Amino acid sequence: MLGLVLGGGGAKGYAHIGVLRILEEIGVRPDIIVGASMGSLVGGFYAAGFSSSKMEEIASAIDKRKRKWLLKFNLSRRGLISGKNIISFLTPYFGKKKIEDFSVKYAAIATDIENNCEIIIDKGDLIQAVRSSISIPVAFIPNQYAGRVLIDGGFPNPVPITAAQKLGATRIIAVNVWTRIPYGQVPLSVQPPSGKRYNVKQVFEKTFDYIATKLIDHEMLQLKNGMLIEVDTKDIEMYHFEKAKEAISLGYLEAKRQQENIKRIALC
């Protein structure tokens, strides 16, 4: 069974739509779609029957004003964003769709912070599955669903390859949009100061790039029959949801470059 794994990355994850366009062009339809965070949203649309062209149309309609509405801050001790506007945005598209009714197997990855485990949401309400998977810690209020307190699945597992394998995938095409940074171990030595000053945002982004690199490396060790498509989205910030066309183009071009490898994995 062919599994498609779409990783997290906020607005960077629009690149997944470009990859899906290539799959459509070469006639590849995955049997299993597993998404974490933004990957769960794009994968959810695809599993629900939306084409890459329709997804681009929806995504391209999000400008800076719409982005501010979607991510409207809410003064709460539980998080900065309630997620209510995102649910309102998704409802006309997803309605009351149930995951188990899809023609393709789909799962969104979330994290249960009370029971300390990764949750593979492969049944139930699609909107709740996506809302759970995109709940970035601190930024979003955790989503309470199925008696659990759920947060973003992409932080502990940015590219959930092993989850796809648990669902039966024997061949995997995985897509990563995070910047992977070599992170070695060296003894302390004196060097000239760079003079750079890093703000909180820059420190957070660099820290998560390091963590994501380690976590993705670990998942890749489990990938015995498959490939990883890495899309360079370094010029797109996580919150740049108004840059859909740019991110989609990056995903398309990278998948086009790897088209023969995709065919080899998908059509073997």
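Modeller: A nonpolar core is a set of buried Ala, Val, Leu, Ile, Met, Phe, Trp, Tyr and Cys residues joined through side-chain atoms within 4.5 Å. The structure above is a predicted model.

Colleague: How many residues does the largest nonpolar core have?

Modeller: The largest nonpolar core has 86 residues. Those with the most contacts inside this core are Tyr 14, Leu 90, Phe 94, Tyr 106, Ile 173 and Ile 262. As a general point, nonpolar side chains tend to be buried together in soluble globular proteins.

Colleague: Take Tyr 106, then. Which residues is Tyr 106 in contact with?

Modeller: With neighbours within four places in sequence left aside, the contacts of Tyr 106 include Ile 33, Ser 40, Gly 43, Gly 44 and Ala 47. Tyr 106 is also in contact with Ile 99, Ile 121, Asp 122, Leu 126 and Val 130.

Colleague: And Phe 94, which aromatic cluster is that in?

Modeller: Phe 94 forms one aromatic cluster together with Phe 45, Phe 50, Phe 89 and Tyr 93. The count for the structure comes to 10 aromatic pairs.

Colleague: Are Phe 45 and Phe 50 buried or exposed?

Modeller: Phe 45 is buried, and Phe 50 is buried as well.

Colleague: What sits over the ring of Tyr 46?

Modeller: The charged end of Arg 29 does, at 4.8 Å from the centre of that ring.

Colleague: Let us turn to the strands. How many residues of β1 are buried?

Modeller: Strand β1 covers residues 2-6, and five of its five residues are buried. Both faces of β1 are covered. Leu 2, Leu 4 and Leu 6 lie on one side, with Gly 3 and Val 5 on the other.

Colleague: Which strands pair with β1?

Modeller: β1 pairs with strand β7 (residues 171-176) in the parallel sense, over five bridges. β1 also pairs with strand β2 (residues 32-36), again in the parallel sense, over four bridges. Leu 4 has a bridge partner in each of these strands: Ile 173 in β7 and Ile 33 in β2. Ile 173 is also among the residues with the most contacts inside the largest nonpolar core, and Ile 33 is one of the contacts of Tyr 106.

Colleague: What about Met 1, where is its place?

Modeller: Met 1 is in the segment before β1. Met 1 counts as partly exposed, at 41% relative accessibility. Not counting residues up to four places away in sequence, Met 1 touches Asp 31, Ile 32, Gly 168, Ala 169, Thr 170 and Arg 171. Met 1 and Leu 267 are 266 residues apart in sequence, and their C-alpha atoms are 11 Å apart in space.

Colleague: New topic: how many salt bridges does the structure hold?

Modeller: The structure holds 12 salt bridges. In general, side chains of opposite charge can pair when their charged atoms come close. One of the salt bridges joins Lys 201 and Glu 205, at 3.2 Å from N to O. Both residues lie in helix α8 (residues 200-220), four residues apart, or about one turn of the helix.

Colleague: Which other helix has such a pair about one turn apart?

Modeller: Helix α10 (residues 259-266) holds Glu 260 and Lys 263, three residues apart. Their side chains meet in a salt bridge at 3.7 Å, N to O. Glu 260 counts as exposed at 54% relative accessibility, whereas Lys 263 is partly exposed at 28%.

Colleague: Which residues are linked in a network of salt bridges?

Modeller: Arg 21, Glu 56 and Lys 245 are linked in such a network. Elsewhere, Lys 234 forms a salt bridge with Asp 232, with the closest N and O atoms 2.8 Å apart.

Colleague: Last one, Ser 132: is it buried or exposed?

Modeller: Ser 132 is buried, with a relative accessible area of 0%. Ser 132 has its place in helix α6 (residues 126-133). Leaving aside neighbours within four places in sequence, Ser 132 is in contact with Ala 110, Ile 121, Asn 143, Tyr 145, Leu 150, Ile 151 and Asp 152.

How values were computed: Residues numbered from 1 in each chain as written. Predicted model: local features only at pLDDT ≥ 70, side-chain atom pairs only at ≥ 80, totals over all residues. Heavy atoms only, no water. Phe/Tyr/Trp six-rings, centres within 6.5 Å; stacked < 30°, edge-to-face > 60°. Buried < 20%, exposed > 50% of the residue type's maximum accessible area, 1.4 Å probe, protein only. Lys NZ or Arg CZ within 6 Å of the ring centre and 35° of its normal. Salt bridge = Lys/Arg side-chain N within 4 Å of Asp/Glu carboxyl O. Helix = DSSP H or I, 4+ residues; strand = E, 2+ residues; numbered from the N terminus. Contact = heavy atoms within 4.5 Å. Pairing = 2+ DSSP bridges.
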